[in-house]
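Student: I would like a close look at a single part of this model, taken slowly and residue by residue. Could you walk me through it in one connected answer?

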Amino acid sequence: KGDLFAPIFYTIGILFMGLAQGIDYRCRDPGAKYWLLQILMGFIQLFVQSALLISALFVIKKNNWLTR
């Protein structure tokens with residue numbers, strides 16, 4: 001059986017990494033209003049980019065790169 005808590009801990013880790021990046025951004029630029037969006041970007045990276053990676057793996061052998 002697999003570890004059922006691993007995905008939960010991974011998602012919480014992504015949340016804390018985004019929070020740490022947001023706090024770092026806020027400390028470097030005290031007037032920043034959008035520092036909390038770093039947490040959202042962590043979740044976008046987690047869900048959206050992983051879906052894009054799966055679709056990219058299916059077409060990696062395709063020779064048509066749409067360049068000239």
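Tutor: What follows is a description of helix 1, of its contact with helix 2, and of a side-chain pair within helix 1. Please keep in mind throughout that this is a predicted model.

Helix 1 spans residues 6-28, and helix 2 covers residues 37-58. The axes of these two helices come within 7 Å and cross at roughly 140°, and helix 1 and helix 2 are therefore oblique to each other, since an angle counts as roughly antiparallel when it is over 145 degrees. The crossing of the two helices is right-handed. On the side of helix 1, the residues that take part in the contact are Y10, T11, I14, L15, G18, L19, Q21 and G22, and they meet Q38, I39, G42, F43 and L46 of helix 2. Sorted by class, this contact has seven nonpolar and six polar residues, with no charged residues in it.

G18, which has its place in helix 1, is buried, with a relative accessible area of 3%. When its neighbours within four places in sequence are left aside, G18 is in contact with Q38 and I39. The C-alpha atoms of G18 and L37 are 8.3 Å apart in space, although 19 residues separate G18 from L37 in sequence.

L19 also lies in helix 1, but L19 is partly exposed, with a relative accessible area of 28%. Not counting residues up to four places away in sequence, L19 touches W35 and I39. In the other direction along the chain, L19 and L4 are 15 residues apart in sequence, and their C-alpha atoms are 24 Å apart in space.

The charged pair comes last. Side chains of opposite charge can pair when their charged atoms come close. A search of the whole structure finds one salt bridge, and this salt bridge joins the side chains of D24 and R28, with a distance of 3.0 Å from N to O. D24 and R28 are four residues apart in helix 1, so they are separated by about one helical turn. As for accessibility, D24 is partly exposed, with a relative accessible area of 37%, whereas R28 is exposed at 67%.

Methods
Residues numbered from 1 in each chain as written. Predicted model: local features only at pLDDT ≥ 70, side-chain atom pairs only at ≥ 80, totals over all residues. Heavy atoms only, no water. Salt bridge = Lys/Arg side-chain N within 4 Å of Asp/Glu carboxyl O. Buried < 20%, exposed > 50% of the residue type's maximum accessible area, 1.4 Å probe, protein only. Contact = heavy atoms within 4.5 Å. Axes fitted to C-alpha atoms, helices over the stretch in contact; angles between N-to-C directions. Parallel < 35°, antiparallel > 145°, perpendicular 65-115°, else oblique. Left-handed = near helix turned anticlockwise from the far one by under 90°. Nonpolar A, V, L, I, M, F, W, Y, C, P; charged D, E, K, R; others polar.
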